[in-house]
Amino acid sequence: MSTRARWKLPLGTAGVLALAAGAWLTFGVSPSGDSQAPVATPAAMTPATSRPPVFNAGPAVPRSLDGGLDLVGAAAAQVQAQAPQEEPSGPYPVDLEALRAKLPDNLYWDTGVPTKEPAELRRRAEVEAKWNTLFGRVQSNEATVEEVQQHFEHRRKVSEDAIAFATTMLSDYGDKLPSQDQGLLELSVRMHRTRLAELPRQQEEALARREAHAQRQREWRESGGRQP
């Protein structure tokens with residue numbers, strides 16, 4: 001298969017927007033009030049206009065519970081709706097093997113590259129389930145301190161790799177990419193930088209919730225399990 005064939009950009013994960021949060025990969029909403037952005041509603045079509053571009057939430061998009069997928073989907077839909085559609089002429093101007101050589105450990109190669117192989121899809125589903133389970137433990141305050149740290153370290157890795165992949169694409173091929181694809185890559189960089197900036201606060205809050213939950217459990221046991 002040609003490494004310059006048309007392929008899906010990593011949006012997310014989420015997924016590379018998260019790299020497909022997860023890839024996909026699941027990230028959680030902080031109970032402190034992080035809200036989920038509404039999904040953009042496609043504009044009504046009329047016979048006089050051409051069919052608007054559709055946001056493709058395929059396997060390269062992270063599937064997250066922290067607002068990532070919906071937020072990215074809404075923003076990406078806006079970028080696609082505003083940018084003129086460009087039909088690719090000839091091979092897509094990206095050499096994936098050259099990118100792999102520059103970023104050999106990037107999560108995109110494990111979770112973001114589009115595939116229809118059943119075995120690979122099963123593997124990705126297992127990876128996603130693993131992170132979903134850990135996310136659930138963090139949200140329910142049942143995770144150990146080490147598990148909380150692992151969860152947020154993974155989220156950090158996802159965003160750092162998404163930024164590295166997108167910035168490398170823009171640096172090496174930005175002047176050759178369709179304007180819509182440039183916009184989606186730039187969107188990925190901005191959104192993942194925002195996520196990275198929020199991670200320290202979210203991790204601190206998760207650890208504080210865990211400690212408060214553990215303290216309540218200790219007090220309950222010391223009282224003999226009686227209701228206060």
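On the α4 side, the contact is made by Trp 131, Leu 134, Phe 135, Arg 137 and Val 138, and on the α5 side by Glu 147, Val 148, Gln 150, His 151, Phe 152 and His 154. Sorted by class, the residues in the contact of α4 with α5 comprise six nonpolar, three polar and two charged.

Helix α5, which spans residues 145–173, also packs with helix α6, which spans residues 179–222, and here the angle is about 165° with the axes 9 Å apart. Because an angle over 145 degrees counts as roughly antiparallel, α5 is described as roughly antiparallel to α6. The crossing of α5 and α6 is left-handed, and the residues that form the contact of α5 with α6 divide into 15 nonpolar, eight polar and seven charged.

Within helix α4, which covers residues 118–139, Arg 124 and Glu 120 are four residues apart, so that about one helical turn separates them. The side chains of Arg 124 and Glu 120 meet in a salt bridge, with a distance from N to O of 2.9 Å. Side chains of opposite charge can pair when their charged atoms come close. For the model, the count of salt bridges comes to nine.

As regards confidence, the mean pLDDT of the protein is 74, and 59% of its residues reach a value of 70 or more. Over residues 10–74, however, the pLDDT is below 50, although this stretch has 196 contacts in the model beyond near neighbours in sequence. Where pLDDT is low, the predicted coordinates should not be read in detail.

Notes: Residues are numbered from 1 along each chain as its sequence is written. This is a predicted model: local features need pLDDT of at least 70, side-chain atom pairs count only at pLDDT 80 or more; totals for chains, interfaces and linings use all residues. Side-chain values use heavy atoms; hydrogens and water are left out. Axes are lines fitted to C-alpha atoms, for helices over the stretch in contact, and angles run from 0 to 180 degrees between N-to-C directions. Helices (H or I, at least four residues) and strands (E, at least two) are DSSP runs, numbered from the N terminus. Angles under 35 degrees count as roughly parallel, over 145 as roughly antiparallel, 65 to 115 as roughly perpendicular and the rest as oblique. A crossing is left-handed if the near helix is turned anticlockwise from the far one by less than a right angle, and right-handed if clockwise. Ala, Val, Leu, Ile, Met, Phe, Trp, Tyr, Cys and Pro count as nonpolar, Asp, Glu, Lys and Arg as charged, and the others, Gly among them, as polar. pLDDT is the predictor's confidence in each residue, from 0 to 100. Contact means heavy atoms within 4.5 Å. A salt bridge is a side-chain nitrogen of Lys or Arg within 4 Å of a carboxyl oxygen of Asp or Glu.
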